[in-house]
Amino acid sequence: MDRTSELSGFYKLTPEERLQYVKEFAGLTEEETEAIAATGSMKIDDVNRMIENVIGTFELPLGIATHFRINGEDKLIPMAIEEPSVVAAASKAAKIARAGGGFYTTSTDPIMIGQVQIVDVPDPQSARFKVLEKKEEILKLANEQDPVLVKFGGGAKDVEVRVIDSPKGPMVIVHLLVDCRDAMGANAVNTMAEAVGPLLERITGGRVYLRIISNLAVYRLARARATFPKEELGGEDVVDAVIEAWAFAAADPFRCATHNKGIMNGVSAVVRATGNDTRAVEAGAHSYAYYKHGHYGPLTYYEKDSQGNLVGTIELPVAVGTIGGATKVHPVARASLKILGVKSAKELGEVLAAVGLAQNFAALRALATEGIQRGHMALHARNIAAMVGAKGEEIDILVQRMVEMKKVRMDIAEQLLKEIRGEK
Ligand code: NAD
């Protein structure tokens, strides 16, 4: 066969025909081909409608995080993720939080921003005012595009106008604030932004360019708060250690990227399990981490309450839906929503915030306490080494070996000391 990737009509083939081509192209075995062709809970026709050039599916483990109590209600949390330890860490954190009453959450209305870029506006500042004067007309036109959303209490609710400086000169940027109810909203918002384009051109005398949703969803925020009792953490030392670990992220973008990545380990696993768009939520989280602080900073905050317990909070944008996208098409996504028992996108967003906080706390605790334990272990090992009669550099070698072995004991120390002296 001619090994080419120039396949103009590839999209017209059936998934089976495409897979056959790929099999020959790449020399896939029968076993490999069958692994790709297996569709699990989905029908190949549904899969084929979801994206382009489908040849099969890619499976991921689905795990359940336990112990979550959110606003007084017990929840099992479905998580779709390939990374080990994430589900266990979330469960462990939720267990500790549970001892402090669990997670308490709130959220804003599900408002997304649709951006309309207007260039070549002769008088951008007065154009800004003119757009605001026509707000009702703009909103009416936007809402005509989605009567279903309006019927459910959503729709375009407000207009903001910004004049920004760009490398190509000033631009007028109109924001349509759209309440998306239970949809993530990208399609709804994009349609509205496109529809108001010609009207905005007439109002401003400029030229409309991009019309697209923003993933920096600053008006669609979910928040969670939890108290992690100091006794459950292993004492006030550990509370201090977690706060110190968090402070590192607050002061350093290199650490902070990993800090926020840890939050998204949990958040994205639930976003994925419910058939939502992980990239939309990830983009929102990281851009908000910048927007909120004026520099890249952590999405969480930690402090000590009057009793010395650790109190953690998180606030992040949650562009997720319980209708639309793959949420209703994917059978496992539908089942995941049922497991969560969420009735609205708002509730789902709040679960995400709780999971993000749990995941972050688990990571900080592990990092901080491993550090503490290693420190303790080294101190203890030093004492033991001295007790068995080690001198000078023998002590350092003995400590290092016992810590590596994670066995700090007199008998081991004696044995090691004999070995070290024998080596000389
Ligand atoms: P959608 O268009 O499939 O469904 C939303 C529509 O459902 C609404 O417009 C409304 O008419 C109707 N609806 C029925 N009941 C509703 C209720 N209770 N609440 C709200 N709406 C209700 O989905 P969507 O949410 O507009 O789009 C989501 C998809 O768009 C995701 O799959 C995402 O991957 C994709 N996307 C994302 C981006 C981005 O993030 N930048 C850009 C483009 C597309």
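## The largest pocket

Let's start with open space: the largest pocket of this predicted model has a volume of about 1500 Å³. Its lining counts 48 residues, and those nearest the pocket centre are Met50, Gly275, Asn276, Ala326 and His330. By class, 24 of the lining residues are nonpolar, 15 are polar and nine are charged.

Which helix supplies the largest share of this lining? That is α3, with four residues. At least two lining residues each come from α3, α7 (147–151), α8 (186–195), α12 (253–273), α13 (278–293) and α14 (331–340).

## The second largest pocket

The second largest pocket has a volume of about 340 Å³. It is lined by 22 residues, with Gly262, Asn265, Gln359, Ala362 and Ala363 closest to its centre. The lining is made up of 10 nonpolar, seven polar and five charged residues.

Here α15 is the leading contributor, giving eight residues to the lining. The elements that each supply at least two residues to this pocket are α4 (86–98), α12 and α15.

Ser107, Thr108, Pro110, Arg220, Leu221, Ala222, Val318, Ala345, Lys346 and Gly349 form the lining.

Two or more of these residues come from each of β8 (221–228) and α15, and α15 gives the most, with three. The cavity lining divides into five nonpolar, three polar and two charged residues.

## Domains and nonpolar cores

Now for the wider layout.

In soluble globular proteins, nonpolar side chains tend to be buried together. In this model, the largest nonpolar core has 60 residues, and the members touching the most others are Phe68, Phe103, Phe228 and Tyr302. Helix α15 (residues 345–387) gives the largest share of this core, 11 residues. Where does the core sit relative to domain 2 and domain 3? Both domains give residues to the core, so it lies between them.

Leaving aside residues up to four places away in sequence, Tyr302 touches Phe228, Val242, Ile243, Trp246, Leu310, Val311, Gly312, Leu357, Asn360, Phe361 and Leu364. There is also a second, separate core of 33 residues, including Val131, Ala156, Val159 and Cys180.

## Two residues with positive phi

Asn53 is not a glycine, yet has a positive phi of about 55°. Asn53 belongs to the loop between α3 (44–50) and β1 (62–70). With a relative accessible area of 36%, Asn53 is partly exposed.

Lys406 is also a residue other than glycine with a positive phi, near 55°. Its loop runs between α16 (393–405) and α17 (410–423). Is Lys406 buried or exposed? Its relative accessible area is 65%, so Lys406 is exposed.

Conventions. Residues are numbered from 1 along each chain as its sequence is written. This is a predicted model: local features need pLDDT of at least 70, side-chain atom pairs count only at pLDDT 80 or more; totals for chains, interfaces and linings use all residues. Side-chain values use heavy atoms; hydrogens and water are left out. Buried means under 20% relative accessible area, exposed over 50%, partly exposed in between (1.4 Å probe, protein chains only). A nonpolar core is a set of buried Ala, Val, Leu, Ile, Met, Phe, Trp, Tyr and Cys residues joined through side-chain atoms within 4.5 Å. Domain bounds come from an automatic or database domain assignment. Contact means heavy atoms within 4.5 Å. On a 1 Å grid over the protein atoms alone, a cavity is a set of points where a 1.4 Å probe fits but cannot get out, and a pocket is an open set with protein on both sides within 12 Å along at least five of seven lines; lining residues have an atom within 4 Å of a point. Grid points are joined across faces, edges and corners, and a volume is the space filled by probe spheres set on the points. Ala, Val, Leu, Ile, Met, Phe, Trp, Tyr, Cys and Pro count as nonpolar, Asp, Glu, Lys and Arg as charged, and the others, Gly among them, as polar.
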